Structures are given as structure tokens and as C-alpha cells.
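The sequence and structure are shown first, and the points follow by topic.

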Amino acid sequence: MPDTSTAQYVTFEKTDAIARITLNRPEKLNAIDVQVGTELYEAFERCSTDTSVRAIVLAGAGRAFCAGDELGRERTPDEQISLLRRGSIKHYVEGPGRWTSTVRLMRSLPQPIVVRVQGYAYGAGFNLALGGDFRVMARDAKLATPFIKRGLATGTNLLQQYVGIGKAIEMTLLGEPVDAEEALRLGLVNEIVELAELDAAVDRWAERLAAGPSAAIGLTKSAVYRGWPQDPDGAYWHQGSAVTQGHDLEDHIEGVAAFKEKRQPRFTGK
């Protein structure tokens with residue numbers, strides 16, 4: 001039976017080894033406010049302590065994945081206190097319910113995360129999508145950093161890692177949306193499908209990952225992300241750490257045995 005819980009704006013459902021986290025504020029296109037951001041962080045934090053979760057799906061209910069931060073709203077009392085104590089920049093990066101904290105958590109989790117993108121993934125929603133490890137996108141969906149069109153300054157934190165500085169500058173200074181075909185060409189998404197096929201495609205990715213050697217996947221994910229900003233020697237150190245830690249894993253022993261016996265491995269995630 002699925003293990004399901006529903007907060008005000010985020011649902012959590014665990015079926016077998018897959019956790020599904022869904023933004024559930026469709027009337028606002030899943031725009032993020034403090035409550036949404038806090039609930040989303042808590043849902044991912046729940047996965048961090050549950051070793052039976054071997055893959056995570058992040059989705060948005062309704063016609064959009066996430067339209068970004070909710071603009072034009074008044075700050076909550078907690079936000080006002082954070083702003084006074086932290087200052088404006090630190091509040092933006094670390095304040096209560098900020099998506100920035102959730103993206104950092106997503107990148108640090110050992111479980112692979114598949115993001116289901118339909119409709120719009122704009123602004124903070126785009127960043128949440130990039131915080132996952134895989135993205136499956138509906139053919140009619142769009143990605144954007146639209147801030148400049150509203151007279152808002154912005155920057156990038158993950159975008160340039162995928163598309164390079166030139167394309168990141170184009171996307172941020174013009175604010176034009178990227179369609180699914182271009183997103184695939186740029187490496188921003190891993191697969192595009194018709195909207196009617198989106199759930200099945202996401203499930204294929206999640207099920208494949210959940211059946212894999214989860215401990216080895218977690219070590220590899222950490223080594224790749226930690227090694228990214230390093231020089232080659234630093235990156236090799238993280239790679240070497242993953243290799244040595246993974247050498248005695250049960251799934252490594254099973255994988256070698258399966259190769260020698262010319263059969264498919266039966267991974268347990270350990």
C-alpha cells in the first residue's frame with residue numbers, strides 16, 4: 001500500500017522504493033510562497049532519512065510544473081524577522097521557505113531525482129527542475145528565466161552548468177522561453193514526450209533508477225556534483241572516494257558475479 005501524506009500545498013506518496021513529491025497549488029500554477037517552500041523542503045528532508053527510498057519523482061499538479069516565486073505578496077512575519085536578522089542577500093539565499101535551500105538539499109541527497117515538467121517551469125520553478133538529476137518534459141511545455149521582462153535583475157546558479165555562459169546570458173538578459181525541442185538539444189532535459197505520455201515516461205525513469213545499485217548511484221551522484229567545480233585533481237579525488245567506498249558494496253559484488261555468470265544483476269541497493 002502507498003504511504004501517503006498531504007500537507008497544505010505539497011503531497012508525499014511512497015510506493016515501494018519510489019517517493020513522489022507533488023506541488024499541489026494548481027490554482028496558482030504551483031507558485032512558491034513560504035508555506036509551499038517549507039513543505040517542499042520537509043518532503044525532501046523526509047527522503048534523506050529513509051533508506052528504503054531509492055528514487056524520487058518531483059511533479060506539479062495541474063497545468064504547470066511551477067510558475068516560480070509568487071510575486072507581489074506581502075512578507076510573512078517570519079520573513080520580516082529573517083530579513084532583519086540576515087540582511088537582504090542572506091535572506092534571499094537562506095530565508096524561510098526559500099527554494100534555494102531545497103535545491104541544495106536535492107543535490108545533496110543520494111537518491112536520484114526525476115522531475116516531471118509540464119506547462120511552465122519558470123524562474124524558481126526552472127531552478128527546482130534543474131535541481132533534479134533527470135528531467136522529463138511534455139512537448140508543449142516551456143522553460144524560462146523571465147525576470148528581465150518584468151524589470152527584475154537576476155543571476156544563475158545551475159543554468160550555466162548545463163548550457164554554458166553564452167546561452168545563460170542570452171536566456172537571462174532576454175527572458176525568452178525555451179521550448180521542449182531546444183531544451184532537449186541544450187541538455188536541459190533528458191526526454192520529451194507528448195503530455196498524455198508524460199506520466200508513463202517519468203515512471204520508466206524512476207523505476208529503472210529505483211531498481212539500480214542505489215548505494216553506488218548515491219556515491220556517484222555525490223562525486224559528480226562535488227567534483228564539478230574542482231580542478232581535475234580535485235575531481236579525481238571525489239571520483240577516487242566514490243570508487244574506494246563502493247568497492248565492497250553488496251551490489252558491486254553482485255554486479256561482478258552477474259557479469260561473470262552472463263545474467264542480469266539483482267541489485268538490492270546496498
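In this predicted model, Arg116 is buried, with a relative accessible area of 14%. Its salt-bridge partner is Asp199, and the closest N and O atoms of the two residues are 2.7 Å apart. Arg116 belongs to strand E5 (residues 113-117) and Asp199 to helix H8 (residues 198-210), so this pair ties together parts of the chain that are 83 residues apart in sequence.

**Salt bridges: overall picture**

- The structure holds 16 salt bridges, one of them being the Asp199 and Arg116 pair.
- Side chains of opposite charge can pair when their charged atoms come close.

**The Lys149 and Glu176 pair**

- Lys149 forms a salt bridge with Glu176, with 3.2 Å between the closest N and O atoms.
- Distant parts of the chain are linked by this pair, whose residues are 27 residues apart.
- Lys149 is placed in the loop between strand E8 (142-144) and helix H6 (159-174), while Glu176 is placed in the loop between H6 and strand E9 (178-179).
- Glu176 is partly exposed, at a relative accessible area of 43%.

**The Arg204 and Glu191 pair**

- A salt bridge also connects Arg204 with Glu191, and here the closest N and O atoms are 3.7 Å apart.
- Arg204 lies in helix H8 and Glu191 in strand E10 (residues 191-193), and the pair links these distant parts of the chain, 13 residues apart.
- Arg204 counts as partly exposed, with 46% relative accessibility.
- Glu191 likewise counts as partly exposed, with 21% relative accessibility; the cut-off for buried is under 20%.
- Helix H8 holds Arg204 and also Asp199, the partner of Arg116 in strand E5.

- The position of Leu29 is in the loop between strand E3 (18-23) and helix H1 (34-48).
- Asn30, also not a glycine, has a positive phi of about 60°.
- Asn30 is likewise found in the loop between E3 and H1.
- Asn30 is buried, with a relative accessible area of 1%.

Key
Residues numbered from 1 in each chain as written. Predicted model: local features only at pLDDT ≥ 70, side-chain atom pairs only at ≥ 80, totals over all residues. Heavy atoms only, no water. Helix = DSSP H or I, 4+ residues; strand = E, 2+ residues; numbered from the N terminus. Buried < 20%, exposed > 50% of the residue type's maximum accessible area, 1.4 Å probe, protein only. Salt bridge = Lys/Arg side-chain N within 4 Å of Asp/Glu carboxyl O.
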